[in-house]
Amino acid sequence: MFRLLGLLGGLAAVTDLGTGAAADESLARAVVASRLARALGCDAEAVRDVVYVSLLEHVGCTAYSVELAAALGDDVVATRTFLQADLTSTRETLANLVPALASATGRSRLGVTAAVLRHSAALDRGGPAATCEVARAAARRLGLPGPVREALAHTTASWDGSGAPAVAGPAIPYATRLTHVAATATLFALLESRDRATAEVRRRAGKTLDPELAAACLERADEVLDGIGQVDAYELLLDVEPDPVRLVDSAHLEQVARVFGDMVDLKSPWLHGHSLPWLTSPPQRDAGPDSARRRWAGCAAPATCMTSGAPVSPAGCGTSPAR
């Protein structure tokens, strides 16, 4: 038997590489989110959902790598800059994005600015949609429950309605809103310091972040950020999942590995179907990223997870036999 959370910790670490994140950022984010959820009085099931949503928040970021790289020259630098910037401020976004891309690609700042302006509308439409679609599909194929899938489908939403999908405020799933706060705090704590983390959470409250959850995080900053960047994030992660933990038996381990392979293959059109060509069909290298995403989102039955030693269906994954 294998801990599903432990396996997904490996996937999250690879996702961090693909987004230019600090080492173990996704694992640390899940720890911070779980601490905040517990501090706010969430029950075990809600905490469990938050752990998986926050760990997999960026799992769909490979979905739009091809288009982003083609448009801006470096998808990793672009993604990292987007994650760090306050996207409600076009001026701030450009002020961070243009010099970063110019440095990474060797283009002039004028050329980068022109490319950003030329492609911004298409990127704004396609990027969030692809990211959320792939994240939700990954959760479904892993057998994660409906609330986790729904939360991941809103990962690029924003409290003020400026994100995608076009929802705002409490209409965004609670686990997503809590993850957004934890993500901001974790990102800047690892990037710079705890003081920077709290400053960014405070600055973004009411814009991209739920103001009440942001305030709760600020009140408990020392508690929720304790040890982040200093203690092994993987060990901390395994300790935060409530019982009963989700388990995968050896018979279903391959199904989890298939999801991992597909996530990696989305990074490049030359890799689509490469890791597991028998999953749906032989590799189709000329089909393009849109076709690959459609095949990926619809392929394969969800993995069957196990909890408390007894197999359960994907819809009930993580629930106790008594429910």
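I started at Thr186, which lies in helix H9. Helices here are DSSP runs of H or I with at least four residues, numbered from the N terminus. This is a predicted model: local features need pLDDT of at least 70, side-chain atom pairs count only at pLDDT 80 or more, and totals for chains, interfaces and linings use all residues. Residues are numbered from 1 along each chain as its sequence is written, and side-chain values use heavy atoms, with hydrogens and water left out.

Thr186 has a relative accessible area of 0%, so it is buried (under 20% relative accessible area, 1.4 Å probe, protein chains only).

Then I looked up its partners. Leaving aside neighbours within four places in sequence, Thr186 is in contact (heavy atoms within 4.5 Å) with Glu25, Ala28, Arg29 and Val32.

I turned to the helix pair. The axes of H2 (residues 25-39) and H9 (residues 174-191) come within 8 Å and cross at roughly 130 degrees. Axes are lines fitted to C-alpha atoms over the stretch in contact, and angles run from 0 to 180 degrees between N-to-C directions.

I listed the contact residues. From H2, they include Ala28, Val32 and Leu36; from H9, they include Leu178, Ala182 and Thr186. The contact divides into 11 nonpolar residues, one polar and two charged.

Last, I looked at H5 (residues 75-84). Asp75, Ala78, Thr79, Arg80 and Thr81 are buried there. The buried residues of H5 pack against H2 and H9, among others.

Conventions
Helices (H or I, at least four residues) and strands (E, at least two) are DSSP runs, numbered from the N terminus. Ala, Val, Leu, Ile, Met, Phe, Trp, Tyr, Cys and Pro count as nonpolar, Asp, Glu, Lys and Arg as charged, and the others, Gly among them, as polar. Buried means under 20% relative accessible area, exposed over 50%, partly exposed in between (1.4 Å probe, protein chains only).
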